[in-house]
Structures are given as structure tokens and as C-alpha cells.
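Hi,

Here is the structure I promised to pass on.

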Amino acid sequence: MFEISKLALWVLTGLTAVTTIFFNVYIFLMTLWNQTGKKDRSPSEIIIMALAAADVTYQLMCYAWMTMNEVDSDCHIVKMFYTVLLVIISSLKFTIIWDTSFLTFYYSTKLVSTPNHCYTQIQAAILKHATLAVFVIPLLGLATCMPILVVFHMDNHTQEATSEMDCGLLLPESTTGRVYDVIFLLLSDVLPGMVMLKCCISISVHLVIHLRHMKASTNGAHPPKLDSEMRVVQMSLALVGNFLIFLAVDLYVNYDVVVKHKNSLAVTLFITSVYATVTAMLLIYGKKTLWKTMIHDINTCLDAYPCLSCLKLPTQKAPPGSPPKV
């Protein structure tokens with residue numbers, strides 16, 4: 001695996017933190033302000049707001065740990081401080097993954113109509129209590145990560161002689177610890193990944209069938225269009241693709257840390273930060289009005305600085321021949 005110094009990862013994570021916090025705060029505030037009247041929020045808005053809050057909190061906690069680890073390179077601060085911080089970071093990562101899985105599940109229920117009435121009732125019951133679910137997920141994440149303090153053992157040394165130690169790092173040295181590590185990976189990565197993959201397959205099959213029906217109904221006169229639905233489909237599939245890439249890298253890095261005792265924990269934190277950033281960008285793209293508003297806001301801010309005009313984002317132009325808007 002290509003080795004990167006801890007200082008370089010700290011800088012890269014800081015740059016990623018800026019984009020992560022910007023996009024997620026933007027999503028959270030826009031979703032919060034867009035509510036009109038006494039209309040209840042949709043489950044998707046509740047899940048997206050919970051995911052944005054978890055992303056921002058994770059990024060702040062993650063960067064705080066990496067900064068303290070750089071400043072206190074000899075680990076003078078009590079190790080339990082770092083350990084508790086790492087457990088909280090792991091629980092936030094659990095929350096982010098399951099919130100993304102929950103959001104993909106929601107979009108699949110809206111896009112795909114299942115003939116199984118019992119399964120449909122289960123889906124409706126879950127989405128009816130979306131607010132409760134987004135509060136239960138962080139609690140489950142914290143409860144799942146707490147055994148780390150008991151079954152893992154303190155170990156600050158790695159097999160790499162030139163690498164610096166990570167303060168407060170816990171590793172599964174016993175058989176119980178290794179069994180728990182496998183169970184934790186199954187609960188936090190593999191199981192939500194299976195849910196997202198199932199939703200991805202359902203959405204893809206639905207899209208193919210829907211396009212075939214639309215093409216048959218138009219007799220090939222013009223290509224079928226799905227407009228906003230197609231945008232949601234693209235976003236959902238992209239969320240799953242982004243997660244699968246993250247899952248492959250995360251499992252490999254976890255293998256390096258747990259089995260080979262390599263100093264790769266900072267890589268895990270950086271990869272999760274990148275995953276959170278890409279997820280936020282995909283969520284903004286999935287909602288056309290939010291995407292247009294963000295582009296307009298960024299371009300408006302750049303208008304005040306002519307030297308930055310090259311950074312302006314392109315806006316969607318009206319097709320040729322369309323009447324001008326007043």
C-alpha cells in the first residue's frame with residue numbers, strides 16, 4: 001500500500017474537512033429553511049438533515065483527533081482521552097453509513113413498486129418512524145462501539161520502524177477482540193452495504209423496465225425521458241457506487257491496522273472524510289432546485305471578486321429556439 005506521512009494526511013484531511021463542512025452545512029440549512037407553512041418534513045429531508053449533522057460532527061471530531069495526535073506526538077496526554085475520542089469517531093462513522101443506507105432504502109421505496117403487500121407495509125411502517133430511526137441509529141452506533149473499550153487492548157506501536165505511533169489506539173489482541181472486530185465490520189460496513197446493494201439492484205431493474213415500457217409506448221418516436229425521477233435514480237446509484245468504493249478501501253485499511261498493525265488509522269479517517277464529501281455533493285445534485293441554488297449562490301459570491309471569475313460554475317442554458325424568460 002502506498003505510504004503517506006501522517007502530516008500529509010493531516011493536511012489532506014483538513015482540506016477535505018472544509019468541503020465536507022461547507023456542503024453539509026449548506027444542505028442542512030437549505031433543508032431547514034425550505035419548509036413552508038405547517039407541512040411536515042418528508043422522510044428524505046429528515047434523513048438528509050441527520051446525515052449532514054453526522055458528517056459535520058464526524059469531521060470535527062476526526063480533525064480534532066488528528067490535530068491532537070500531531071501536536072502531542074509523544075502522547076503526553078492521558079491515553080484514555082484519545083481512546084474515547086476514537087470510539088466516538090467510530091460510532092459517528094457507523095451513523096453515517098447507516099443513514100446513507102436508510103436514505104437509499106427510502107428512494108428505492110419511492111421509485112420501485114413491489115407487488116408484495118406485506119413487504120410494502122413493512123416499508124411504510126419504517127418510513128413512518130423515520131424521525132425515531134435517525135435518533136436510534138446513533139445510539140446503536142455508540143452501543144456497538146462501546147465494547148471496544150473492553151475487548152481491545154492498548155497498543156501504540158506498529159510494525160513500521162519509521163512510523164510514529166497513534167495515541168490511544170486500541171487493537172484486538174485476543175480471540176474475543178478479533179471476533180468482535182469481525183462482528184463490528186459486519187454490522188457497520190457489510191450489512192448496510194447489502195441493504196444499499198439490494199436497493200441499487202431494485203432501482204436498476206425498475207429503470208430498465210420503465211424505459212422499455214416508455215419506449216414501447218412512444219413507438220421509438222423520441223427517446224424516453226424521466227426528468228426529475230431520472231435525476232434521483234442517478235443520485236441513488238451514484239451513492240451506492242461511492243459506498244462500494246469506500247467499503248473496499250475501508251476493509252483493506254482495517255486489515256492493515258488490525259492484522260498487520262500498520263499505522264494506517266489516519267488513512268481510514270481520511271477515506272471516510274472523502275466519502276462524506278462525495279455523498280454530500282451527490283445529495284445536492286439529486287435535488288435539482290438545490291443544485292441550481294448552490295450554483296447561483298457560488299457565482300454570486302464570485303461576482304464580487306473579478307479576479308476569481310474563472311472559478312464560476314457553468315449554469316444550465318435554455319435550449320436553442322426557446323422563448324426568453326422574462
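Which residues in H9 meet which residues in H10? On the H9 side they are Ile 284, Tyr 285 and Gly 286, and on the H10 side Lys 288, Leu 290, Trp 291 and Met 294, where contact means heavy atoms within 4.5 Å.

Before the rest, some housekeeping. This is a predicted model, with local features needing pLDDT of at least 70 and side-chain atom pairs counted only at pLDDT 80 or more, while totals for chains, interfaces and linings use all residues. Residues are numbered from 1 along each chain as its sequence is written, and side-chain values use heavy atoms, with hydrogens and water left out.

Back to that helix pair. H9 covers residues 265–286 and H10 residues 288–303; they pack at about 110°, with axes 5 Å apart. (Axes are lines fitted to C-alpha atoms, for helices over the stretch in contact, and angles run from 0 to 180 degrees between N-to-C directions.) That makes H9 roughly perpendicular to H10, a label for angles of 65 to 115 degrees. The contact residues split into five nonpolar, one polar and one charged. (Ala, Val, Leu, Ile, Met, Phe, Trp, Tyr, Cys and Pro count as nonpolar, Asp, Glu, Lys and Arg as charged, and the others, Gly among them, as polar.)

Zooming out, the protein has 10 helices and two strands, in the order α-α-α-α-α-α-β-β-α-α-α-α from the N terminus. Both are DSSP runs numbered from the N terminus: helices are H or I with at least four residues, strands E with at least two. Of the 326 residues, 44% count as buried, i.e. under 20% relative accessible area, against over 50% for exposed and partly exposed in between (1.4 Å probe, protein chains only).

The unreviewed UniProt entry lists several spans as "transmembrane region", including 12–34 and 80–109. In the model, residues 12–34 are 96% helix and 0% strand, with end C-alpha atoms 33 Å apart. Residues 80–109 are 100% helix and 0% strand, and there the ends are 43 Å apart.

- Thr 109 sits in helix H3 (residues 79–111) and counts as buried because its relative accessibility is 14%. Its side chain reaches the backbone oxygen of Tyr 106 at 2.5 Å. Leaving out residues up to four places away in sequence, Thr 109 touches Gln 123 and Leu 127.
- His 76 is in the loop between helix H2 (43–71) and H3, and is exposed at 69% relative accessible area. Its C-alpha is 9.1 Å from that of Cys 167, 91 residues away in sequence.

Cheers

Methods: Angles under 35 degrees count as roughly parallel, over 145 as roughly antiparallel, 65 to 115 as roughly perpendicular and the rest as oblique. UniProt positions are given in the numbering used here, feature names are shortened, and annotations may be inferred rather than shown by experiment. A polar contact is a pair of N or O atoms within 3.5 Å; within protein, one must be able to donate a hydrogen and the other to accept it, and residues adjacent in sequence count only if both atoms are side-chain atoms.
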